[in-house]
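Here are some notes for a colleague who is opening this entry for the first time. Please keep the sequence and the 3D view at hand while reading.

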Amino acid sequence: MEDRQLNLINKVAESLVAAKHVVALTGAGISVESGIPPFRGKGGLWEKFDPMEVAHINSFMKNPEKVWRLLISEMKDLLVSAKPNPAHLGLARLEELGILKTVITQNIDGLHQMAGNRDVVEFHGSFAWLQCLDCGCREQTVDIDTSQMPPKCSCGGIYRPECVFFGEMIPPKDLDRSQIAASTCDLMLVVGCSAVVQPAAFMPVIAKQSGATVIEINPEPTPLTGTTSTLLVQGKAGKIMKKITAQVERIIADKQN
Ligand code: OAD
């Protein structure tokens, strides 16, 4: 098992060094080692909550206080203290080495930017900012007093997070940028993504149809495995990305000597 994984890691590292334009698609799994629970699977948020009750725009508009209490305030506590883990840092290092061009993330935690990635498409928006439903003014989430629910702007309007709820469209500019990134890459790394939520899960399909190699890093197979992706490196993103990045650095150093 260990030998097989080392071979796979070496193969992925060689593919990364040989590629001309790498794009990563990340999901909740990449932030699990930063202490943020995923949505699906064991310990996932959707084991505790019905997503249609707490993460649908209609539920928020009907009862913002309930959605703030059940989901958003808990997320705020987790997200303000979370730090990038070796998987985020590995992707930032790949960008620094000129290998990785763009990260498309479904996560709203801002950890890719904190790790140092500069071209990040936040496909499902961001939790860093809130917007007033009445006057549209914006406020940073960390500055918001959550002792009163739902938090309100000085105009009296209710704040909503700038993330995409179920029932909402992906912002067209983010969808466009992602589709362009997916169709122009020659290698897509899909990290910690269950690949069941559309349209994000379609990005690896676009990459594959455009001739790219798709590689997954995930403890579990996904609907992409063996169909859209040609390789699955099974394991936790932090542990695997750390090894891949070290191997990429070794290959580059060997080439320079
Ligand atoms: P999910 O929660 O659906 O899936 C998490 C994935 O991460 C699964 O495939 C796990 O096997 C994997 N995983 C768990 N621990 C991991 C680890 N340590 N390292 C690597 N992978 C690990 O998360 P997403 O695919 O991001 O949307 O879900 C997509 C969307 O569903 C979210 O953006 C959110 C949610 O409903 C909205 O809120 C609109």
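1. A residue is called buried under 20% relative accessible area, exposed over 50%, and partly exposed in between. By that cut-off Arg118, at 70% relative accessibility, counts as exposed. The model is a predicted one, and the points below should be read with that in mind.

2. Arg118 has a charged partner. Its side chain meets that of Glu95 in a salt bridge, at 2.9 Å from N to O. Glu95, at 10% relative accessibility, counts as buried, whereas Arg118 is exposed.

3. Side chains of opposite charge can pair when their charged atoms come close. How many salt bridges does a search of the whole structure find? The search finds 10.

4. Another salt bridge joins Glu249 to Arg93, with the closest N and O atoms 2.4 Å apart. Glu249 is in helix 10 (residues 237–256) and Arg93 in helix 6 (residues 86–96), so parts 156 residues apart in sequence are tied together. Glu249 has a relative accessible area of 32% and is partly exposed; Arg93, at 29%, also counts as partly exposed. Arg93 and Glu249 are linked with Glu96 in a network of salt bridges.

5. Lys48 and Glu74 meet through their side chains in a salt bridge of 3.0 Å, N to O. This pair links distant parts of the chain, with Lys48 in helix 2 (residues 45–48) and Glu74 in helix 5, 26 residues apart. Is Lys48 buried or exposed? Lys48 is exposed, its relative accessible area being 57%. Glu74 counts as partly exposed at 31% relative accessibility.

6. Three strands make up an open sheet in the order 5-4-6, and the pairing is antiparallel. Strand 5 (138–140) and strand 6 (159–163) are at the edges with a single partner strand each, so one side of each has no neighbour in the sheet. From one strand to the next, the twist averages 40°.

7. Strand 4 (residues 125–132) and strand 5 run antiparallel and are joined by 3 bridges. Within this pairing, Trp129 has Gln140 in strand 5 as its bridge partner. Which helix packs on the sheet? Helix 5 (residues 64–81) does, touching strand 4 and strand 6, and its direction makes about 125° with that of strand 4.

8. Asp174 is found in helix 8 (residues 172–184). With a relative accessible area of 7%, Asp174 is buried. Neighbours within four places in sequence aside, Asp174 is in contact with Val121, Glu122 and Phe123.

9. Last, the ligand. It is surrounded by 22 residues, of which the closest are Phe39, Arg40, His124, Ser194 and Asn218. Phe39 places a backbone N or O atom 2.7 Å from an oxygen atom of the ligand. Arg40 has a polar side-chain atom 2.6 Å from a ligand oxygen atom. For Gly192, a polar backbone atom is 3.3 Å from an oxygen atom of the ligand.

Methods:
Residues are numbered from 1 along each chain as its sequence is written. This is a predicted model: local features need pLDDT of at least 70, side-chain atom pairs count only at pLDDT 80 or more; totals for chains, interfaces and linings use all residues. Side-chain values use heavy atoms; hydrogens and water are left out. Two strands pair if DSSP finds at least two bridges between them. Helices (H or I, at least four residues) and strands (E, at least two) are DSSP runs, numbered from the N terminus. Axes are lines fitted to C-alpha atoms, for helices over the stretch in contact, and angles run from 0 to 180 degrees between N-to-C directions. Contact means heavy atoms within 4.5 Å. A salt bridge is a side-chain nitrogen of Lys or Arg within 4 Å of a carboxyl oxygen of Asp or Glu. Buried means under 20% relative accessible area, exposed over 50%, partly exposed in between (1.4 Å probe, protein chains only). A residue is near a molecule or strand if one of its heavy atoms lies within 4 Å of it. A polar contact is a pair of N or O atoms within 3.5 Å; within protein, one must be able to donate a hydrogen and the other to accept it, and residues adjacent in sequence count only if both atoms are side-chain atoms.
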